[in-house]
Amino acid sequence: MTAMSTINVAFFDFFAAITIISAVLMVTRRNVVHSAIFLITALLGTAGIFLQLEAEFLFAVQIILYVGGIMVLFLFVIMLVNLDVSLHQLQFNRQKWVATILAIALGAEFLLAFRRGGSLIRFAAPGAGMMQPNTELVGEAIFSNYMLPFELASILLLVAMIGAVILAKRRI
Amino acid sequence: MPDDAPEKDRPLAPVGGSAEPPEGTPKDAAAGSPAAEMKETAKPPAPAAPTASATPAGTKPAAPAARPAVPAAPKEPAIKPLPLDNELVQRMKSRFGAAIQEAWLDRKQSIIVVARGLLAEVARSCRDDEEFDMLTDLTAVDWPKREKRFDVVLNLYSFARNERLRIKAMAGENESIPSLCAVWPAANWMEREVFDMFGIVFEGHPNLQRILMPDEWEGYPLRKDYDILRQDTAWVRENLGIESGQ
Amino acid sequence: MDERSIHGMSGAGTTVLGADEIILNMGPQHPSTHGVLRVKLKLDGERVVGTECIIGYLHRGVEKIAEHRSYQQFAPYVDRMDYVAAVSNGLGYCEAVEKLLGAEAPPRARVVRTILTELQRIASHLLWLGTHALDIGALTPVFYCFREREEILKIFEKYCGARLTTHAFRIGGLQYETYDGFEAETKRFCDDFAHKIDEYETLLTENRIWVERTKGVGILSAEDAIALSVTGPVLRASGVKWDIRKAMPYAAYDQYEFEIPTRENGDTYDRYLVRMEEMRQSRHICLQAIENIPSGPIMGKVGKVLKPPPGEVYHAIEAPKGELGYYIISDGTTQPYRLRVRPPSFINLQAFDSMARGGLVADVVAIIGTIDIVLGEVDR
Amino acid sequence: MSTFNNLLPYLWPVIFGVVIVAVLPLLAGYVVLLERKVMADMQARLGPMRVGPHGLLQPIADALKLLLKEDIIPENADHFLFWIAPLISVTAALVAYAAIPFGPGFQIADLNIGLLFILAVSSLGIYGIVLGGWASNSHYSLMGALRSAAQLVSYETAAGLALISALLLGSSLSMRALVMAQQKMGLWFIFCVPIGFFIYFVGSIAETNRAPFDLPEAESELVAGYMTEYSGFRWAIYFLAEYANMIVVAGIATTLFLGGWLRPFASFHAHIPGTGVEILDLLPSLLFLGVAGYCVWLAPRQPVAVQKLFMLAVAGFCLLLAGVLGWSLAVPEFLPAVHGGFWFLAKIFVYIYGFLWVRFTFPRYRFDQLMSLGWHFLIPLALANLVGVAVGIVLHLSLGWGLFPSLLLTTLLTLAVAIFLVWGKERHARLAALPSDGA
C-alpha cells in the first residue's frame, strides 16, 4: 500500500510540476502560438491530476472540452488573426518586478498559513466511490442534487451564446 | 532576320473589279435573329479607291501561286484586293468623314482603315450602331519601312449579321493608340500582348504591362528589327564575363 | 464590366475580422492550374477578393517562328499550341493558308478532316472532363475518360503515326489516305462511346456534391461573355447559340446535321452539361460522316512551293476550346509576313477574374478547370 | 518474486501494447495497399503490380523509400514544432488503441471510461495537424490547418452525439461492456440505431480527413494542405497517423455498432453433430482455405519464377491462418480470442472499405458546404436521433413494448426529420439563389 501511495505522490508531483512550469512558460513566451501550446500542456497536467485523483470522467471531459475543443478554437483564432504584432511589443510593463515580489509574498503567506494552521482547514474525506466508475456518480449528482444550478448554468450559457450570435451576425 | 521586308509597305492596291460579298454564310442563323439572314451584301464597287493617300499603287500581285478553286470566278488571275464601298462603309464615312481612310475587300473579307485618333470612337460606333458586338481579336503588324510603321488590327464579329469586319489603324514609332478597354474589356489582355510584342502604347489602358514576356525583358520580339542575338550577347557578357561566340 | 473588375490587385488590406488579407500564390507549380499558370489570389479568409493571372511561362514565340518558316514548315508548330487538340489546330492552319492561296481541299480530304477533328474534339473534352472532375475531387472519372481517349489516340496513331502532336493534315488536303478499317474502328468507337458518356453522367450529373460544387459557381452572363470575347462552350453555356461550325461552316460541316447545345445560367455546371452534349453531337457528326466518305483525291493542287499572293486573311474554326483564328499576312514570298494566332484559351482565360471574384478558393480550381485552358496555347 | 507478482497484471497489457505498436504500421501499410487496389479496381486498372505478386510487397518498399528520403525542414519554419507535430499526431492515434478491444482477451486496458478515453486522446491528434500547418510557415499549410481545426471541432460534435445514441443502449462507457451488451441483446446496435451509425460513418470520414471531406489536404486546392512542406519520413508519420486514425474510428464503430468481436449470428448456435464445434465458427477457416486455393491456382500464371514462389508463400501463409483458426476450435481457451480477433479485424476492414468506396465515388465538398452539412444537417439530425432513441427506450421501459419495435418507430420518425432537414436545406438554397436586393 505504501508503494502505491509513493507512486501516487510521484505522479502528483510530476503532473503538478508540468502544470506549474507550463503556466509560467505560457506567460513568459513572446510567440502567441507557443503560449497557447503551453496553456494546452498546463491543461493536460491538470487533467493528469484529475486522473491521479481517480476522477476519470473529469479527466476525459477536461481533455475533450478544454484541450480538444476550446484550445483548438483558440489556436484557430490566433492563426487566423496572425498576431505578429506581439513579437515587437514590450511584453511586460515596468511594474513587473513589483508584481513578482508581491506574488512571491502572497505565495509565502499561503505556505505559512498551511504550515501553521493546517489543522484548521478541513479537507473532504475521499468519496466512497473510490475505484468505482464515477461517471454515474457525477451524472446522478448533476441531475438530482444540483439540478437547479445545472439548469441555471445551462440557461446562462445559452443566453451568452445567443448574444454572441447576434453580435457576430450583421444580418439575420 | 527578315531582310525580305516588302519594297512597298502595303503590297495591296485597290483595283477596280466586281466586288464579292463579304465572308459569312449565315446558313444556320447563329444568333437566331432574322437580321442574320439578311446578309449585308456589298454594293456595286466605287470606280476608284477612296482617298488612299498612304497607299501607293504598288506591287501588282505577282503570278498567282495557285489556281483559285472558286469555279465561278472569271478568268482573272489570282486573288486581288477589291475596293469596298458598301452601305456600312458609307455610313461610317458619313459619321466619321475623313477618319475612314480606306476600305477594301481581301479574300472576301472587309477591311477598313481608320485614323489613329478616332479608333476608340469608331470601335464604339461599330459596337453600338453596327452591331459588331464582339472584339474577336486585336493584334498588330510591323512594317518597318513605312512612314507609320505599325498597323493595329481589330477583328470584329457581329452575331446579328454573322459577319466579320477588320479595322486597322496606323501608328508611328512613338505614337500611341487609344485603348479599347472601355469599349470591350476583352481588349485588356490583347492590348497588353501587343504592347509586349510591339511596344505600341495604348493610351488609357488600366494596366499596360508585359504579359507573356518577363517584366525585365528588353525589346519587342515581334518587331521586324528585333534581334534575339543582341540580347543574348548582352546576357552572356554581363553574366559570364566573356564575349558570346554566336 | 469595366477595368475595375479586370485587375484589382492592389496592396493587401484588412478584412472584416481585422485580420490581414492573404496573398496566396497558386502555381506555376500547382496540381490544378493545368500547366504553368500562376494565379495570385487575394483572400479574405477563404474568399477571393482579387485575382491576377500571370502567364507566359510557356511562351515560345510561335508567331515569331512563323515569320522564319515556310508555310509547310510551320504546320507542325501549330500542333504544339493546344497540344491536347493538335488536329484542330492543324485544321485551322491548313484552311487558313488554303484560303490565303485561294485553294481548296478536295471533298474526300474535307470529310476525313471533319471526322478526325470531331474525334479530336471528343478527346479534348474527355481530357477536360477527367481533369476537371479531378480538380473537384472526383478521382474516378479521369481514368474512364483516359480509357476512351486512348481509343481515339489509337485511331490517330494508325492514321498518321502520332498520337498527340499529330500533324495530320497538309496544306491543300491530306498526306495520308485513311488506313484499312478506319471507318469500322471509328464507327465502333462511336457506338461504344454512347454508353460511356452515360457512364460519366451517372457518376457526376446527378451527384449531389458535384451539383453543389458546380451550380452557381463562376457565373458568366451572356453580356459579359461577349464583352470579354469568350468563345466556345463557355460562351454557349452563357446562352449564346453561336458555333462557327454552323455560322461560317468550314471543312465539311455544312453537310451534317447537329445541334448547338446551349444553356442559360453560364455557371460551371452548365458548361459541364454543354461539353457533355457537345461530345454527343461530335459523335453524331462522326457517325454521319463515316457513312459516306466521298472517294477521290486527297490532295488539292497547291504546288510544292507555296507563294500565296500578297494580301491577308483571317480564318477561324471552332476548336474544342473556342474560336481558334489564324490571321496571316502574305507578302508574296514563301514565308508568312505576319502570322497571328487568335488563341481561345488565352482570351477565355481573361474572363477568369470576373468569374472567380467573390468565390472561394475551392471555386478557383473549379473555374480554372471549367474554362478549359491549355497553357501551351495561352502562352504560345 | 513479489515484485514480479506485483507487476504480473501489467505484463499482458505491455505485450499487447508492443504488439500493436509493432504491427500497426504494417497494418496501415496494407490498408494503403488495399486502398490502392480497390481504387484501381474501381477505376478500370490494376494498381501496384511490380513489387511482389500483385504488389503485395509494395507497402514495405514504400516504407523503405520514405525512410531513406532526405529530411527537409524549411528554413523559416518553427523547427521544434515542425519536428514534433507529426509525433503528436501519431502518438495520439496510437494511444487511442489502449482501449480498443480487438478481442475478448485482447485489450490493453478495459477502462471504465473507455469510449471517452478514446475520444479524448484522439481529439489531441488535431494538434499535430494544426501545429504542423502553422509551423511550416506556408499559406497552403496554414489554410489546411485552419480548415482541419474547424472541420474537426464541427464533426466531432455530430459524431459524439451519434455515439451517445449507442451508449444509451449499452449503458456503459467501457468498450468491453458495450460489446457484452450487444451479445446479451442478441442484436448489433446498428440495427437498433441505424441513423446513429450513418451519422457516425459520415462524421468519422470527416474526422479522419478522408474524401469527400479531405479539405485540409485537398490536393487540387491546397496542394497537400498541412503536409505541403513535409517530406520523407516525417510525412510518412503523418500518413501513418491518418491510417491509424482510420483504424481507430473503424474500431469504435465496430465496437459500438457492429458487435465488436462477435461473430455474425452470435446467438445462433448450431453444432456439428457429435462435437462441440459450431458450424458458423468454421467460416473463417474456410475463407482462408479458399484464398489459399485461389493463390495456388494463380501461382502458375505468374510471369516470373520468384513471383510464382511468392504466390505459393502467400498461399502457405493463408493455410497457416486457416490452420490456426481451425485449431482454435479444438481449444476452447483460445477460441474466443482467435476468432474474436478475426471478426473484429474483418469488420474493421469492411468499415474501411466503405471509406474507400465513398472516396472514389464522390467529388470533394467545398468548405462552406462541408460546414453547412455538419451544422445544418448532421448535428440537428444527431440531436433528433438521440431524442428518438431515448424516447424509444422510455417506451420500452415504461410501456413494456419490445425494444426493437419501439426503436424502429422512433427511427422512422427521425427519418422524417432527416427528410425535413434536407428539404429545408434545399429550400434555403433556392431562396439564397434568388436575386437579393443587396440588403
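Here is a short tour of the structure, stop by stop.

Before you click anything: this is a predicted model, where local features need pLDDT of at least 70, side-chain atom pairs count only at pLDDT 80 or more, and totals for chains, interfaces and linings use all residues. Residues are numbered from 1 along each chain as its sequence is written, while chains are lettered from A and ligands numbered from 1 in the order in which they are written.

**Stop 1: chain B**

The average is 70, with 66% of the residues scoring at least 70. Now pick residues 1-77 of chain B: pLDDT is below 50 there, although this stretch has 152 contacts in the model beyond near neighbours in sequence.

Switch to cartoon and you'll find five helices and eight strands in chain B; helices (H or I, at least four residues) and strands (E, at least two) are DSSP runs, numbered from the N terminus. Of its 246 residues, 45% count as buried, meaning that 20 or more other C-beta atoms, placed from the backbone, lie within 10 Å of a residue's own.

**Stop 2: the core**

Next, select B:I112. What does B:I112 contact, leaving aside its neighbours within four places in sequence? Look for B:V89, B:M92, B:I100, B:A103, B:L165 and B:I167. B:I112 is also among the residues that touch the most other members of the largest nonpolar core, which has 324 residues; others to highlight include D:I118 and D:V130. Such a core is a set of buried Ala, Val, Leu, Ile, Met, Phe, Trp, Tyr and Cys residues joined through C-beta atoms within 7 Å.

**Stop 3: where chain D meets chain A**

Show chains A and D together: 20 residues of chain D are in contact with 18 residues of chain A. On the chain D side, α4 (114-135) and α5 (139-170) each give two or more residues, and α4(D) has the largest share, nine residues.

**Stop 4: a sheet in chain C**

Finally, go to chain C, where three strands form an open antiparallel sheet in the order β6-β7-β8. The edge strands are β6 (311-319) and β8 (336-342) of chain C. Strand β7 (residues 322-330) of chain C pairs with β8(C) over six bridges; strands count as paired if DSSP finds at least two bridges between them. Zoom in on C:Y327 to see its bridge partner in β8(C), C:R340.

How values were computed: Contact = placed C-beta atoms within 7 Å. pLDDT = per-residue confidence, 0-100. Buried ≥ 20, exposed ≤ 12 C-beta atoms within 10 Å, placed from the backbone.
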